[in-house]
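I opened a notebook on this chain and kept a record of what I looked up. The entries follow the order in which I went through it.

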Amino acid sequence: MEKGGFVYMLGSQSGVLYIGVTNDFERRLSEHKSGSVEGFTKKYRVNRLLRYERYDRIEDAISREKQLKSWRRDKKARLIERENPDYADIPQQWYESAATV
């Protein structure tokens, strides 16, 4: 059975954007949040989940990541703003919703 994948967009408080792909969304998001892996997102503190997409095939997720990375910043911003106009950290929204139930 083929494993699926996720394409995700992260942002920093200062407005830096990052697009990534993974087949283990929870682990990878945890790594970004904790800063446990050296690299771009740790250096620039890019750790707020702004948007994500799930795919049944990792190959499709990789193709979408490449497509999004080729876009100009303003087009990426419009994509985020359609679903998340406040650039809120999506997990924070999940936690707040769970607390009110």
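**Entry 1: terms and source.** I call a residue buried if its relative accessible area is under 20%, exposed if over 50%, and partly exposed in between, with a 1.4 Å probe and protein chains only. Helices (H or I, at least four residues) and strands (E, at least two) are DSSP runs, numbered from the N terminus. This is a predicted model, in which local features need pLDDT of at least 70 and side-chain atom pairs count only at pLDDT 80 or more, while totals for chains, interfaces and linings use all residues. Residues are numbered from 1 along each chain as its sequence is written, and side-chain values use heavy atoms, with hydrogens and water left out.

**Entry 2: strand β1.** I looked at both faces of β1. Gly5, Val7, Met9 and Gly11 are buried on one side, and Phe6, Tyr8 and Leu10 are buried on the other. I noted the background: in a regular strand the side chains alternate between the two faces of the sheet. Seven of the seven residues of β1 are buried, so this strand is largely enclosed by the rest of the structure.

**Entry 3: the sheet.** In which order do the three strands of the open sheet lie? I read the order as β2-β1-β3, with antiparallel pairing. Two strands count as paired if DSSP finds at least two bridges between them. On average, neighbouring strands are turned by 15 degrees against each other, direction ignored. For such angles, axes are lines fitted to C-alpha atoms, for helices over the stretch in contact, and the values run from 0 to 180 degrees between N-to-C directions.

I then went through the pairs. β1 (residues 5–11) is joined to β3 by seven bridges and to β2 by six. Val7 stands opposite Glu53 in β3, and its bridge partner in β2 is Val21. Leu10 has Leu49 as its bridge partner in β3. The hairpin of β1 and β2 has five residues between the strands, and Gly15 there takes a positive phi near 100 degrees.

**Entry 4: helix α3.** Glu65 lies in helix α3. Is Glu65 buried or exposed? Glu65 is buried, with a relative accessible area of 12%. Leaving out residues up to four places away in sequence, Glu65 touches Val7, Ile19, Gly20 and Val21. Glu59 is also found in α3, but is partly exposed at 38%. Glu59 and Gly5 are 54 residues apart in sequence, yet 8.0 Å apart in space, C-alpha to C-alpha.

**Entry 5: cores.** I took a nonpolar core to be a set of buried Ala, Val, Leu, Ile, Met, Phe, Trp, Tyr and Cys residues joined through side-chain atoms within 4.5 Å. The largest one has 10 residues: Val7, Met9, Ile19, Leu50, Tyr55, Ala61, Leu68, Trp71, Leu79 and Ile80. β1, β3, α3 and α4 (73–83) each give two or more residues to this core. Another core, of eight residues, lies apart from it and has Phe6, Leu10, Phe25 and Ile90 among its members. I also listed contacts of Leu50 beyond four places in sequence, including Met9, Leu17, Ile80, Tyr87 and Ile90.

**Entry 6: helix α1.** Which residues of α1 (residues 25–34) are buried? I found Phe25, Arg28, Leu29, Glu31 and His32. They cover an arc of only 155 degrees around the axis, which puts them on the same side of α1; the arc is that of the directions from the helix axis to the C-beta atoms. Glu26 and Ser34 are exposed on the face turned away from the buried side. Just after α1, Gly35 has a positive phi of about 70 degrees.

**Entry 7: the whole chain.** I ended with the overall picture. The protein chain has five helices and three strands, in the order β-β-α-α-β-α-α-α from the N terminus on. Of its 101 residues, 39% count as buried. The C-alpha trace spans about 35 × 35 × 30 Å along its principal axes. Among contacts with a separation of 6 or more, 64% join residues 24 or more positions apart.

How values were computed: Contact = heavy atoms within 4.5 Å.
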